[in-house]
Amino acid sequence: MQPKFSAALDRPLILLSNREPYEHVHRPNGIEVRFPAGGLVSALDPILRRTHGTWVAWASGNADRTVADDVGRVMVPPGDPSYTLRRVWLSESDVEGFYLGFANSALWPLCHLFVSKVDIRRNDWESYERANRMFASAVVQEAERVGGAPMVWVHDYHFALAPALVRPQVPDALIHQFWHIPFPPPDVFGILPVGVQHSLLRGLLGNDLVEFQTDGFAWNFMDCVARTLPDAQVSLDQGVVHLDGRQTRIGAFPISIDVAEWQRLAALPHTVDVCRSLRQRYAPRDRQLVVSVDRMDYTKGIERRLRALEHMWTDSPERRGTFTMLIVATPSRTDIQAYAKLERDVLEKIERLNDEFRTLDWTPIVLVHENVDADLLAAVYCAADVCVVSSLQDGMNLVAKEFIACRTDRNGVLVLSRFAGASDELGAALLVNPFFIDAFADTLAVALDMPRHERVERMTILRDRVANATIDDWLDAMLSAAEATDQATDRAAEGGAATL
Ligand code: ADQ
């Protein structure tokens, strides 16, 4: 079924995200185009194509400038040019200060409640402000180019200031923002310098609608506004904030995946072959296979997962050799010290556990430390008896949904952290508290021992849930809400005129 999307797309669409959908890189035999992995780009690219919109993003490829015009525009996709990619160049010091610094060493840990990892540096904040101004002015230029009253859709924590910068310059724009990661409660948000708190909240309130993954994060945001900005009126139950004569709607829109695409990948003959060979290699005879797939990020609870395994193999020696743990972890943000340390610690711990528990015919933990193609991920999901998602905090977690989508056999157990946004929707998984190592190990044992009829029962519920909330449903819901915000604003304006 074709997604309906909403009339909001009658407006010219301008999307702003940090990552670009197409990256040009120099290779020995010419320039190559890279399409970054990840569900979001694949979900949004078709809308941009259909509406001939504009995507504003950071130029991260080393050949990006070669193929773009003087302003930084290039038509994409290559070979079927249907929308404009407007690239924005950052200086090395802004990559350092804005991206690696304030966005990923202050906001990221803060929003995930890792207060001890929060690093606030004045230069980083200034760089974050500068980058937001640069991206906002690129959005304004694109709005002037396309004309009309555009819909500007901002993505994520890199651009908290941009909406309020764009608003006065494009007064007719409908501006909304999807916040992919958690939003912290006021006590944690309060760690930021007061001026920074004000700027971030006022920046976000430049939107007509701010979209979070869960109700909890939306409430946290409104709570922060209520406590930080005394002149704002917050209506928690209606999800509305009034400030400076404007209103911003706040809502929860849990992101999802392209379910049909993951099912297609799972059914490819090549995937079936790879799945079979993974099982032959790591789960021969009655040995089971437990898998995990994440970016190597301290929020994903990879170390806790290793501790739960150690606990299990130490306390229940009879479990040794009964399953192999396959960890697929793609390197991430390695320029940041906390990530480099995590990578070292995880590699060391895996080596130590393997040395301690391995037998002649069993390697307890297998690590695939690279970015792998989606069809190989599908094979990993299909081969698993158990998939473990142990995030200590997570906006949503798409891996949980990808695993479910691939299990057309209705088998396989999902062990899911209750601190992942996905746990709000996926209560039929085995929910786990990764901070409580004993209980984590117990839950793993329950998953491994679960009888087939219960696996099928739980997976059936999970699959129904995911099938009824796909990435297209997410887009429909959000774009309809943006459109409704627009109409509400129009009505308010009309009402205002009548009382004059
Ligand atoms: P992430 O923190 O990146 O996303 P997640 O939602 O799990 O977390 O998405 C990761 C994506 O990367 C998945 O599509 C997965 O398949 C892919 N991936 C992971 N490991 C891989 C590997 N080794 N090789 C190839 N691909 C791999 C942020 C938020 C999340 C939120 C998403 C979307 O932190 O909470 O769910 O955005 O909003």
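**Close-up views of a predicted model**

**View 1. Helices α3 and α4 in contact.** In this predicted model, α3 meets α4 through S93, D94, G97, F98, G101, F102, A103 and L107 on its side. The partners in α4 are D124, W125, S127, Y128, R130, A131, N132, M134 and F135. By class, this contact holds nine nonpolar, five polar and three charged residues. Two packed helices are described by the angle between their axes and by the distance between the axes. Helix α3 covers residues 92–111, and helix α4 covers residues 122–146. Their axes lie 8 Å apart, at an angle of about 110 degrees. Angles of 65 to 115 degrees count as roughly perpendicular, and α3 and α4 are therefore roughly perpendicular to each other.

**View 2. The shell around the ligand.**

View 3. The side chain of K300 has an N or O atom 2.9 Å from an oxygen atom of the ligand. In the side chain of N371, an N or O atom is 3.2 Å from a nitrogen atom of the ligand. T330 takes part through its backbone: an N or O atom there lies 3.4 Å from a nitrogen atom of the ligand. How much of the ligand does the protein bury? Taken alone, the ligand exposes 710 Å², and the protein buries 88% of that.

**View 4. Helices α13 and α14.** A378, Y381 and C382 of α13 make the contact with V399, E402, F403 and C406 of α14. Six residues of this contact are nonpolar, none is polar and one is charged.

**View 5. A cis peptide bond at P77.** V76 and P77 are joined by a cis peptide bond, with omega about -10 degrees. P77 sits in the loop between β5 (73–76) and β6 (83–88).

**View 6. A positive phi at R285.** Where is R285 found? R285 is in the loop between α10 (269–282) and β13. Its phi is positive, about 50 degrees, although R285 is not a glycine.

Key:
Residues are numbered from 1 along each chain as its sequence is written. This is a predicted model: local features need pLDDT of at least 70, side-chain atom pairs count only at pLDDT 80 or more; totals for chains, interfaces and linings use all residues. Side-chain values use heavy atoms; hydrogens and water are left out. A polar contact is a pair of N or O atoms within 3.5 Å; within protein, one must be able to donate a hydrogen and the other to accept it, and residues adjacent in sequence count only if both atoms are side-chain atoms. Accessible areas come from the Shrake-Rupley method with a 1.4 Å probe; for residues, only the protein chains shown count as cover. Contact means heavy atoms within 4.5 Å. Helices (H or I, at least four residues) and strands (E, at least two) are DSSP runs, numbered from the N terminus. Ala, Val, Leu, Ile, Met, Phe, Trp, Tyr, Cys and Pro count as nonpolar, Asp, Glu, Lys and Arg as charged, and the others, Gly among them, as polar. Axes are lines fitted to C-alpha atoms, for helices over the stretch in contact, and angles run from 0 to 180 degrees between N-to-C directions. Angles under 35 degrees count as roughly parallel, over 145 as roughly antiparallel, 65 to 115 as roughly perpendicular and the rest as oblique.
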